[in-house]
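Subject: A structure for you to look at

Hello,

I am passing on the structure we talked about, and I hope you enjoy looking through it. Please open it first, then read on.

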Amino acid sequence: MLDEKRLIRELKQGDKEALRRIYMEYKDSLLTIAASMLHDTYAAEDVLHDVFVSFAGGIGNIQIRGSLKSYLTASVLNRVRDMYRKKRHHQVELEEAGQLAADSDGPARATEFGEEAERLTGALARLPMEQRETIVLHLNGGMKFKQIARMQRIPLSTVQGRYRYGLEKLRTILKESAKK
């Protein structure tokens, strides 16, 4: 675990190694969240890059009230929301689904896994942004509902409701696609 306060202090003093350590610690989980929200690995990598460039460039003015991970996660989500608002992204399938499928046991299992991952990715993309964000933060980001509520500045019950309704809608979408 990183000593976040010490690293931020070192970063403010111009220590590039501190930025590298922060990046190495959080890049994978942040990339997973961005890719889950955007369904586009390249766009997710761009978001991650933009967040860290902005973070490094503005470190003198940044005031982090909670954990650094929560701050960076919120930054990633804000960039993703901006992309949706500007309608500049193109939804494509996650490349990881194909890579994961290739790593599974045998060609038949790879095909089956790839199809399931594709169905789940497509169903997740059909959820309202708020529900998708809550599900991704909880399942992919490993965040507790209380953390999500604090980060989004909404009541805990709203987060729990978005999660519950999002899962119900996912089940419905997946059942509909299985019938086809």
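Predicted model: local features only at pLDDT ≥ 70, side-chain atom pairs only at ≥ 80, totals over all residues.

The chain has 180 residues, and 39% of them count as buried. Among the contacts with a separation of 6 or more, 64% come from residues 24 or more positions apart. The accessible surface is about 10,900 Å², and carbon and sulfur atoms contribute 50% of that.

The helix pair I looked at is H2 (residues 16–38) with H4 (residues 68–86). Their axes lie 10 Å apart, at an angle of about 35 degrees, and the crossing of H2 past H4 is right-handed. On the H2 side, the residues that meet H4 are Ile22, Tyr26, Ser29, Leu30, Ile33, Ala34, Met37 and Leu38. H4 answers with Leu68, Lys69, Leu72, Thr73, Val76, Leu77, Val80, Met83 and Tyr84. Sorted by class, this contact holds 14 nonpolar, two polar and one charged residues.

Now to the rings. How many aromatic pairs are there? The count comes to four, and here are two of them in detail.

In the pair of Tyr23 and Phe52, the ring centres are 5.0 Å apart and the planes stand at 80 degrees; an angle over 60 counts as edge-to-face, so that is the label here. Tyr23 belongs to helix H2 and Phe52 to helix H3 (residues 41–57), so the pair ties together parts 29 residues apart in sequence. Are these two buried or exposed? Tyr23 is partly exposed, at a relative accessible area of 32%, whereas Phe52 is buried, at 7%.

The pair of Phe55 and Tyr71 has ring centres 6.2 Å apart and planes at 50 degrees, so this pair is tilted. Here Phe55 in helix H3 and Tyr71 in helix H4 link distant parts of the chain, 16 residues apart. Phe55 is buried, with a relative accessible area of 2%, while Tyr71, at 27%, counts as partly exposed.

Finally, which residues form one aromatic cluster? They are Tyr23, Phe52, Phe55 and Tyr71.

Best wishes

Methods: Residues numbered from 1 in each chain as written. Heavy atoms only, no water. Axes fitted to C-alpha atoms, helices over the stretch in contact; angles between N-to-C directions. Helix = DSSP H or I, 4+ residues; strand = E, 2+ residues; numbered from the N terminus. Left-handed = near helix turned anticlockwise from the far one by under 90°. Contact = heavy atoms within 4.5 Å. Nonpolar A, V, L, I, M, F, W, Y, C, P; charged D, E, K, R; others polar. Buried < 20%, exposed > 50% of the residue type's maximum accessible area, 1.4 Å probe, protein only. Areas by Shrake-Rupley, 256 points an atom, 1.4 Å probe, with all protein chains shown as cover. Phe/Tyr/Trp six-rings, centres within 6.5 Å; stacked < 30°, edge-to-face > 60°.
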